[in-house]
Amino acid sequence: MKSKLKLLIRPTIFGLIILMFFLPFTRISCMNNSIATLTGSQLAFGTQIDVTSERGDEVKIRKIKPVKYATATFALAALGFLLSFSGAKIVNIILSLLSFAGVVLLLLLRSYVNGVVMKEGEGMFKVQFLAGYWITFTLFIVGILVGVWYYLSEKEEQDNNEERIQNPM
């Protein structure tokens, strides 16, 4: 029972991260009026948004290009999901490193989006990072901790087994 639960935790973490990409990541607003809300997948793969003029009479379609940080973060989550089914001991360290890279990429994504919106909006626009972003960030941190915990518990178990072999009762 314990080992089955342990085997499900890693894929669940990375599966949830992938699902979070379909939730809103950012909201761009001007004077408390929401202009656009973008999901993680829209940031990762690009999208189009309708932008209404200040007078409200003209609608322009604006193409949003994929953001490399979001694309790389999604790719890390997908790779982590696939690797999480492996029983190899080194996978715990690899998943921790992938999770760490995910945290770094999310921080870079936040900085990049803030910079682009500030530049494009000439300081008029405000960016909020929403639940999808923050849950993804938290899940990557959990991925780091779980990977390290699994690695240390397996190492301890291996050391105990070696001690039993050397000192049979």
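Reader: How many helices and strands are there in the chain?

Author: The chain has five helices and five strands. Helices (H or I, at least four residues) and strands (E, at least two) are DSSP runs, numbered from the N terminus. Their order along the sequence is α-β-β-α-β-β-α-α-β-α. This is a predicted model: local features need pLDDT of at least 70, side-chain atom pairs count only at pLDDT 80 or more, and totals for chains, interfaces and linings use all residues. Residues are numbered from 1 along each chain as its sequence is written, and side-chain values use heavy atoms, with hydrogens and water left out.

Reader: What makes α3 roughly antiparallel to α4?

Author: The angle. Helix α3 (residues 68-83) and helix α4 (residues 90-120) pack at about 160°, with axes 9 Å apart. Axes are lines fitted to C-alpha atoms, for helices over the stretch in contact, and angles run from 0 to 180 degrees between N-to-C directions. Angles under 35 degrees count as roughly parallel, over 145 as roughly antiparallel, 65 to 115 as roughly perpendicular and the rest as oblique. So α3 is roughly antiparallel to α4.

Reader: Which residues of α3 and α4 make the contact?

Author: Contact means heavy atoms within 4.5 Å. On α3 they include Tyr69, Leu76 and Leu83. On α4 they include Val91, Leu98 and Tyr112. The contact residues divide into 16 nonpolar, three polar and no charged. Here Ala, Val, Leu, Ile, Met, Phe, Trp, Tyr, Cys and Pro count as nonpolar, Asp, Glu, Lys and Arg as charged, and the others, Gly among them, as polar.

Reader: Why is Ser84 called buried?

Author: Buried means under 20% relative accessible area, exposed over 50%, partly exposed in between (1.4 Å probe, protein chains only). Ser84 has 1%, so Ser84 is buried. This serine is found in the loop between α3 and α4. Ser84 touches Arg10, Pro11, Phe14 and Leu95, not counting residues up to four places away in sequence. Across the chain, buried residues make up 35% of the 169 residues.

Reader: How do you know that Met31 is exposed?

Author: The relative accessible area of Met31 is 67%, so Met31 is exposed. Its place is in the loop between β1 (24-30) and β2 (33-39). Met31 is not a glycine, yet has a positive phi of about 50°.

Reader: Why is Asn32 called exposed?

Author: Asn32 has a relative accessible area of 74%, so Asn32 is exposed. Asn32 also lies in the loop between β1 and β2. Phi of Asn32 is near 65°, a positive value in a residue other than glycine.
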